[in-house]
Amino acid sequence: MAMHFIFSDEVVLLFDFWSVHSPTGMALSVLVILLLAVLYESIKVGKARLLHRALMNLSIPTSQQLIEEADQDSSSSDTLPVSRSPLRWFLCHFGQSLLHVAQVVVGYFMMLAVMSYNTWIFFGVVLGSGVGYYLAYPLLSMT
């Protein structure tokens, strides 16, 4: 195995059955790796959105909100105060954990693909990361 980057259309990627021996196979493999990199960036954005949603749902009330809630409680004693559910926090944290595991797995797959030292695969990872960032990060501003 070469320990330097080479331009070649022959490579074994990640598993023994993913053996590429033609330019068409290399193009398809680069496309798959590119999509894997886009998925990686999308998972990062998904984690950030889930964290933002969790923080918004579980935020500590400000003093103004506490004053308004106290006024409402004094005016109507029939309503029960809304409490933040520990179950909701657990579900958000569990979702974050699952997304983190998926991000680590996809990240290591990309790293191992780059470690094939095939220049085309490396370009696929770099281009996929750029495309994924370009497509996914505007979604963070949408709420």
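Tutor: We begin with a definition: helices and strands are DSSP runs, a helix having at least four residues and a strand at least two, numbered from the N terminus. Please keep in mind that this is a predicted model. Over residues 20-40 the chain is 86% helix and 5% strand, with the end C-alpha atoms 23 Å apart.

Student: Which annotation covers residues 20-40, and which other residues does it cover?

Tutor: The UniProt record, an unreviewed entry, gives "transmembrane region" for residues 20-40, 90-114 and 120-140. Such annotations may be inferred rather than shown by experiment. Over residues 120-140, the chain is 81% helix and 0% strand, and 30 Å separates the end C-alpha atoms.

Student: How many helices and strands does the protein have, and in what order do the elements run?

Tutor: There are four helices and two strands. From the N terminus on, the order is β-β-α-α-α-α.

Student: How does the reach of helix H3 relate to the expected span?

Tutor: The expected span is 1.5 Å times one less than the number of residues. Helix H3, residues 86-114, has 29 residues and reaches 42 Å from its first C-alpha to its last, close to the 42 Å expected.

Student: Which residues of H3 are buried?

Tutor: A residue is called buried under 20% relative accessible area, exposed over 50%, and partly exposed in between. In H3 the buried residues are Cys-92, Gly-95, Gln-96, Gln-103, Val-106, Gly-107, Met-110, Ala-113 and Val-114. For the protein, buried residues amount to 26% of the 143 residues.

Student: Which side chains make up the nonpolar surface patch?

Tutor: The patch, of about 940 Å², is made by Phe-15, Phe-17, Val-101, Val-104, Val-105, Tyr-108, Phe-109, Met-111, Leu-112 and Met-115. One of these residues, Phe-17, lies in the loop between S1 and strand S2 (19-20). Phe-17 has a relative accessible area of 71%, so it is exposed.

Student: How many aromatic pairs does a search of the whole structure find?

Tutor: The general idea is that a pair of aromatic rings is described by the distance of the centres and the angle of the planes. A search of the whole structure finds 10 aromatic pairs. In one of them, the ring centres of Phe-5 and Tyr-117 are 5.7 Å apart and the planes stand at 75°, so the pair is edge-to-face. Phe-5 belongs to the segment before strand S1 (11-12) and Tyr-117 to the loop between H3 and helix H4 (119-136), so the pair ties together parts 112 residues apart in sequence. With 42% relative accessibility, Phe-5 counts as partly exposed.

Student: Why is the pair of Phe-7 and Trp-120 edge-to-face?

Tutor: Planes over 60 degrees apart count as edge-to-face. The planes of Phe-7 and Trp-120 are at 70°, with the ring centres 5.0 Å apart, so the pair meets that description. The pair links distant parts of the chain, 113 residues apart: Phe-7 is in the segment before S1 and Trp-120 is in helix H4. Phe-7 is exposed, at a relative accessible area of 56%, whereas Trp-120 is partly exposed at 40%. Ring pairs join Phe-5, Phe-7, Tyr-117, Trp-120, Phe-122 and Phe-123 into a cluster.

Student: Which residues have a positive phi although they are not glycine?

Tutor: In general, most residues other than glycine have a negative phi. Here, Leu-14 has a positive phi of about 60°, and the phi of Tyr-117 is near 60°. Leu-14 is in the loop between S1 and S2, and its relative accessibility of 28% makes it partly exposed. Tyr-117 is placed in the loop between H3 and H4.

Student: How many salt bridges are found, and which residues form a salt bridge?

Tutor: A search of the whole structure finds one salt bridge. Lys-44 forms a salt bridge with Glu-41, the closest N and O atoms being 3.4 Å apart. Both residues lie in helix H1 (residues 23-57), three residues apart, which is about one turn of the helix.

Student: Are Lys-44 and Glu-41 buried, exposed or partly exposed?

Tutor: Lys-44 counts as partly exposed at 26% relative accessibility, whereas Glu-41 is buried, with a relative accessible area of 7%.

Definitions and conventions: Residues numbered from 1 in each chain as written. Predicted model: local features only at pLDDT ≥ 70, side-chain atom pairs only at ≥ 80, totals over all residues. Heavy atoms only, no water. Buried < 20%, exposed > 50% of the residue type's maximum accessible area, 1.4 Å probe, protein only. Phe/Tyr/Trp six-rings, centres within 6.5 Å; stacked < 30°, edge-to-face > 60°. Patch = residues over 30% accessible without salt bridge, like charges linked within 9 Å, V, L, I, M, F, W, Y side chains within 5 Å. Areas by Shrake-Rupley, 256 points an atom, 1.4 Å probe, with all protein chains shown as cover. Salt bridge = Lys/Arg side-chain N within 4 Å of Asp/Glu carboxyl O.
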